[in-house]
Amino acid sequence: MDGADAWLGAEWNGTDAEKAFVTEILERAADWGTDRGRPIFIGELGAYSAADMPSRARWTAHVAREAERLGMSWAYWEFMAGFGLYIPEQDAWREPLKDALLPR
């Protein structure tokens, strides 16, 4: 995507402003679905591995929890590549992402 390099190194700290921005977009989508009697499925939830893990985990958790709050279903983008939740070479989960998706 043109301009995406400008995002490299940016952190997502989960500030009130950051959360409000994401929540507002999700609420618009949820309202659209409600108005039309259509369920909303978020099928590409994830944060790319070029981002720092704490930011990835915070963003992923916020999006997943807000989607659930709004009655939207979701799926994580992919299993073990650039957004990967799993590390096949280590036969291990990326625990911060797993915990973000499935809080204990």
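The stops that follow begin with the overall fold.

**Conventions.** This is a predicted model, in which local features need pLDDT of at least 70 and side-chain atom pairs count only at pLDDT 80 or more, while totals for chains, interfaces and linings use all residues. Residues are numbered from 1 along each chain as its sequence is written, and side-chain values use heavy atoms, with hydrogens and water left out.

**Whole chain.** Display the protein as a cartoon: 3 helices and 4 strands make up its secondary structure. Helices (H or I, at least four residues) and strands (E, at least two) are DSSP runs, numbered from the N terminus. Read from the N terminus, the elements follow the order α-β-α-β-β-β-α. The C-alpha trace spans about 45 × 30 × 30 Å along its principal axes. Of the 104 residues, 32% are buried; buried means under 20% relative accessible area, exposed over 50%, and partly exposed in between (1.4 Å probe, protein chains only). Among contacts (heavy atoms within 4.5 Å) with a separation of 6 or more, 57% are between residues 24 or more positions apart.

**Strands E1 and E2.** Select residues 41–45 and 73–76 next. These strands, E1 and E2, run parallel and are joined by 3 bridges; two strands pair if DSSP finds at least two bridges between them. Ile 42 has Trp 74 in E2 as its bridge partner, and Leu 45 has Tyr 76. Between E1 and E2 the chain passes through H2, a β-α-β crossover that is right-handed: with the strands pointing away from the viewer, the path from the first strand over the helix to the second runs clockwise.

**Ser 55.** Staying in helix H2, select Ser 55. This residue is buried, with a relative accessible area of 3%. Beyond its neighbours within four places in sequence, Ser 55 is in contact with Glu 11 and Trp 12.

**Leu 97.** Move to helix H3 (residues 95–101), where Leu 97 is placed. Is Leu 97 buried or exposed? Leu 97 counts as buried because its relative accessibility is 0%. Setting aside neighbours within four places in sequence, its contacts include Met 53, Arg 56, Tyr 76 and Phe 83.

**Asp 91.** Finish in the loop between strand E3 (86–87) and strand E4 (92–93), which holds Asp 91. Its phi is near 50°, a positive value in a residue other than glycine. Most residues other than glycine have a negative phi. Asp 91 counts as exposed, at 59% relative accessibility.
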